[in-house]
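Hello,

Here is the structure I promised to hand over. Please open it first, then read my notes below.

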Amino acid sequence: MKFAIQINEGPYQHQASDSAYFFTKAALDKGHEIFRVFFYHDGVDNASRLTTPPQDDRNVVERWAELAEKHDLDMVVCVAAAQRRGMVDEGEAKRNGKDATNIHPRFRISGLGQLVEAAIQADRLMVFGD
Amino acid sequence: MSSIKKFLYLNRKAPYGTIYAWESLEVVLIGAAFDQDVSLAFVDDGVYQLTKGQETAGIGMKNFSPTYSALGDYDVKKIFIEKESLEARGLTLDDLQHLTWEDEDDDYAEKDSIRVLSRQEMAALMDESDVVFSF
């Protein structure tokens with residue numbers, strides 16, 4: 001089966017990202033395909049490379065990045081939601097005159113069309129959120 | 001591209017207090033360009049999203065409720081409200097915006113977009129949808 005994953009909540013505040021991670025990992029382990037992981041609302045905060053949890057806690061961002069690296073996952077952060085929340089990659093920093101970036105290189109910024117396309121292409125859209 | 005899917009945007013939250021309602025509407029507007037079979041459903045506190053006469057100056061938020069009346073222009077013609085959710089909040093259809101769309105095949109007649117469904121009918125709508133976006 002081909003899944004699209006939508007994550008609507010930030011890391012640490014809410015379990016949605018953890019649940020989505022374990023679902024995605026289990027689906028891949030079972031041989032399913034993940035068409036795309038899309039981060040929306042506060043979910044965009046899952047993509048911050050500056051995230052620094054205490055050493056005895058899980059690192060939600062790195063964990064996603066490692067899974068993406070291993071399975072070549074397409075992880076997309078919504079540009080409008082990201083801009084509202086100060087999530088910036090190099091392109092957006094240049095375009096908007098910002099002096100720093102914080103998006104982890106394993107994620108990419110794109111538009112909501114990527115979410116709609118994922119819902120069309122996948123057999124199932126799984127929404128994780130409140 | 002692949003065949004047309006039945007998209008259901010499920011709106012469950014009040015329009016203000018959190019950003020879910022506004023960011024859901026953004027997905028609906030973008031998604032309208034993809035030529036899918038689109039329905040919007042409003043349940044629980046989501047029914048407040050369509051109340052008329054919203055006034056947000058007091059909370060310093062953008063009043064985005066006029067955008068709902070543009071949905072017809074985006075070819076979003078099917079808007080469903082859950083009867084039980086309305087009743088539980090002391091609301092009736094008269095408390096909501098009157099949303100319409102123009103039927104090209106019927107001399108551009110204005111037709112109502114909103115339909116009230118029972119909880120059971122709402123469950124059936126979710127069941128028959130291919131994609132449910134939950135906000």
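**What was found**

In this predicted model, the side chains of Arg85(A) and Asp42(A) form a salt bridge, at 2.6 Å from N to O. The term means a side-chain nitrogen of Lys or Arg within 4 Å of a carboxyl oxygen of Asp or Glu. The two residues are 43 apart in the chain. Arg85(A) sits in the loop between α3 and α4 (90-96) of chain A. Asp42(A) sits in the loop between β2 (33-39) and α2 (60-71) of chain A. Helices (H or I, at least four residues) and strands (E, at least two) are DSSP runs, numbered from the N terminus.

Arg85(A) also forms a salt bridge with Glu23(B), with the closest N and O atoms 3.0 Å apart. Three salt bridges link chain A and chain B. Over all chains, the count is 21. Side chains of opposite charge can pair when their charged atoms come close.

Now the interface. Here 21 residues of chain A are in contact (heavy atoms within 4.5 Å) with 23 residues of chain B. The two chains bury about 1,800 Å² between them, 59% of it on carbon and sulfur atoms. Buried area is the accessible area (1.4 Å probe) that two parts lose on being put together, summed over both.

Which elements of chain A give two or more residues to the side that touches chain B? They are α3 (79-84), α5 (113-121) and β5 (124-128). The largest share, seven residues, comes from α5(A). By type, this side of chain A has eleven nonpolar, five polar and five charged residues. Ala, Val, Leu, Ile, Met, Phe, Trp, Tyr, Cys and Pro count as nonpolar, Asp, Glu, Lys and Arg as charged, and the others, Gly among them, as polar.

Four lining residues, the largest share, come from α1(B). The lining has six nonpolar, three polar and no charged residues.

Residues are numbered from 1 along each chain as its sequence is written, and chains are lettered from A and ligands numbered from 1 in the order in which they are written. In this predicted model, local features need pLDDT of at least 70, side-chain atom pairs count only at pLDDT 80 or more, and totals for chains, interfaces and linings use all residues, while side-chain values use heavy atoms, with hydrogens and water left out.

Best wishes
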